[in-house]
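Hello,

Here is the structure I said I would pass on. Please open it first, then read my notes below.

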2 protein chains.
Amino acid sequence: MLGPALVHEDLGASWRSARPRPAGRHLDSAACSRQSHRVLEAVAHHARHEAELGGYVAEATAEDLLQQGRSVIGGLVGMAAADVVFVESAQAALVTLLAAWGLPAGARVACLPGEYAPNAAQLRAAGLGVEPLPVDGLGCADLEGVARLLATDPPRLVHLTHIGSHRGVVQPAAEMASLCRAAGVPLVLDAAQSLAHVDTDVGADVVYSTSRKWLAGPRGVGLLCVRPAVAAELTPVLPAPDDVPPLRALESGEAHVAGRVGLVLAVGEHVAAGPARVRERLAALGRAAREVLEGTAGWRVVEPLDAPTATTTLRPPNGVDVVTTRARLLTEHGIVTTAIGPQRAPGEMTGPVLRVSPHLDATFDDLEALATAL
Amino acid sequence: MLGPALVHEDLGASWRSARPRPAGRHLDSAACSRQSHRVLEAVAHHARHEAELGGYVAEATAEDLLQQGRSVIGGLVGMAAADVVFVESAQAALVTLLAAWGLPAGARVACLPGEYAPNAAQLRAAGLGVEPLPVDGLGCADLEGVARLLATDPPRLVHLTHIGSHRGVVQPAAEMASLCRAAGVPLVLDAAQSLAHVDTDVGADVVYSTSRKWLAGPRGVGLLCVRPAVAAELTPVLPAPDDVPPLRALESGEAHVAGRVGLVLAVGEHVAAGPARVRERLAALGRAAREVLEGTAGWRVVEPLDAPTATTTLRPPNGVDVVTTRARLLTEHGIVTTAIGPQRAPGEMTGPVLRVSPHLDATFDDLEALATAL
């Protein structure tokens, strides 16, 4: 069964041929993408290099490559190489940032009501008071309400999750950045779900993300990008090594360096594919998924059909268990998706959803197979 | 030039044949050991599996292996599988522990004066008051003085770095654990330099360590082991998943899972080699290094000749720069060592040292080559 062609099928074909053949149908890039042969080989090669040369000697030989990676990643978020450090994960980035920022206990941070629960927990653990941003019915920031909040009772900072892990809706990050800048309130952007998925060069003061999702890099690598004005407010727990930008004090030293090398190659593959073309195809895949899946066997799509993301979430029909469905899709049909319970974003979710998140190599056929299996 | 045989040469030969041929002479396992072919292949295989199956599906298939690893690692520190979680590094283990413990600001923690500076910084960042343990002239805990401290003015906890990163001296951890237990003061043991190097089943309440040093596992993986009595005092920032021991709330979810798989294989190789035999050969290598190096070209060994470790540190002769020497050894002779500045343990070091840390595959010839090059 071959469906209609989607935009940039050449990109789908080249993405597909660049990586191992999937065991089934992989519709789970919002959890973890499929690395390319080249990335897998670069990681393995660096690890072997570590065994031959010594871990730190190998790291020194990779430093030019890592610095090139910081530079390109900086470009994706509108910052410079000196503003980018490697950490272990998006969560580690947030924890590292908050530990260095040392905001006074009770300082107020405004978040979406649908904030990712682990982020909200880390903000609270740092002693911050978490308050809701005004939103519309879909959980999107209400810009007029945000402007009023910033004008009348500005929080110490705004933390915005660009695309939720539980909903394929893009927040108006560029507009939020403008409002925050005008109010002198720093904007921290969680780009775990948005980097290499939608445009992340939006003017945020801090952007953090992960390697393993839309960039299709290795697991165990994260990114923290901080503009100099915020960096100047940070007091790192550990001092920076000599001869590097001061922010480098936040880069972890005990690290999966081979994974960082792999991430740099993955970033290169993203840039080579063309970020704008990538976005167009991912959005087309999301739209196709929603059109195919809406109403199938009683499942209902949460996002607007034309949300410019590849992530679709589905509310189950009455009496259907999402965890069981996800397991059945995997074991009986080889279709990889994620079951998301309401505890992931308890301020917004009223029940579980099934998340479908194809990357560039997915086909219309994959989406139809999912609909049939549902 | 072949020197005298060291104890368990068979172990040296099998360790050597199990891993890639080194580019030079690797005497730097206190920084990062050389992974075996089997570990390198297991990591690469799991990463490929992630690309074929999906990252989280691959992780689920590895869970039995990971649980076996937790069990064997638990055995090395005298704890159960349920007491062991994987994190990203030894530093991450300490940060995670302190964040969950939530000790009141100003609570007192007693450490060696020669405490590893990043550990002391993390303890201070957690709001703790860091106080010195009484020590002898070599920086070894003075057990009578510790007993007095615990009897008269007990701290909230004792943090003991079992073997320093800057000195191949073993602290009397078992005796410290007895004293602390009798006093009702928890003992936290930093085993980054001691796990798989000396006996770490000493009765500490918390043991944390790293994969990449004496276990010869991958970089980017750490271990945190917590006895139930201390675990009961912890309030994790994030909730544990269902159906796992509560401590699992401290295990990072966004992680280098392939590295954890590799670590489990590396732990298996350590156990197969025989931990007691490993310790004997490492101690013999340390003793041989000290005998060969003491006085060479004016360099002086810091440790007692018979310290039961493989780590030797050398004070330079007057006018010789350690950083320059380390670079010269590497570039001119292919000998990998580490230059350690006094900022690593400012409460104890009075100047820089050159650290020499052979693993099982090192030979007497390697040590003589270093002496000649110095």
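Buried area is the accessible area, found with a 1.4 Å probe, that two parts lose on being put together, summed over both. In this predicted model, the area buried between chain A and chain B is about 3,600 Å². Carbon and sulfur atoms give 60% of that area. Chain A puts 46 residues into the contact, and chain B puts in 46 residues.

The rule finds 4 salt bridges across the interface of chain A and chain B. One of them joins B:Arg219 to A:Glu59, with the closest N and O atoms 2.8 Å apart. There are also 23 residue pairs in polar contact across the interface of the two chains.

On the side of chain A that touches chain B, the elements giving two or more residues are α2 (37-53), α3 (55-77), α4 (90-101), α5 (117-125) and α11 (322-333) of chain A. The largest share, 9 residues, comes from α2(A). Sorted by class, this side of chain A has 22 nonpolar, 13 polar and 11 charged residues.

I also looked at one residue of chain B. B:Gln193 sits in the loop between β6 (187-190) and β7 (206-210) of chain B. Is B:Gln193 buried or exposed? B:Gln193 counts as buried because its relative accessibility is 4%, and the cut-off for buried is under 20%. Leaving out residues up to four places away in sequence, B:Gln193 touches several residues, including B:Ile163, B:Trp214 and B:Arg355. B:Ala30 is another residue it touches, and the backbone oxygen of B:Ala30 lies 2.9 Å from a polar atom of the B:Gln193 side chain.

Regards

Conventions
Residues are numbered from 1 along each chain as its sequence is written. Chains are lettered from A and ligands numbered from 1 in the order in which they are written. This is a predicted model: local features need pLDDT of at least 70, side-chain atom pairs count only at pLDDT 80 or more; totals for chains, interfaces and linings use all residues. Side-chain values use heavy atoms; hydrogens and water are left out. Helices (H or I, at least four residues) and strands (E, at least two) are DSSP runs, numbered from the N terminus. Buried means under 20% relative accessible area, exposed over 50%, partly exposed in between (1.4 Å probe, protein chains only). Contact means heavy atoms within 4.5 Å. A polar contact is a pair of N or O atoms within 3.5 Å; within protein, one must be able to donate a hydrogen and the other to accept it, and residues adjacent in sequence count only if both atoms are side-chain atoms. A salt bridge is a side-chain nitrogen of Lys or Arg within 4 Å of a carboxyl oxygen of Asp or Glu. Ala, Val, Leu, Ile, Met, Phe, Trp, Tyr, Cys and Pro count as nonpolar, Asp, Glu, Lys and Arg as charged, and the others, Gly among them, as polar.
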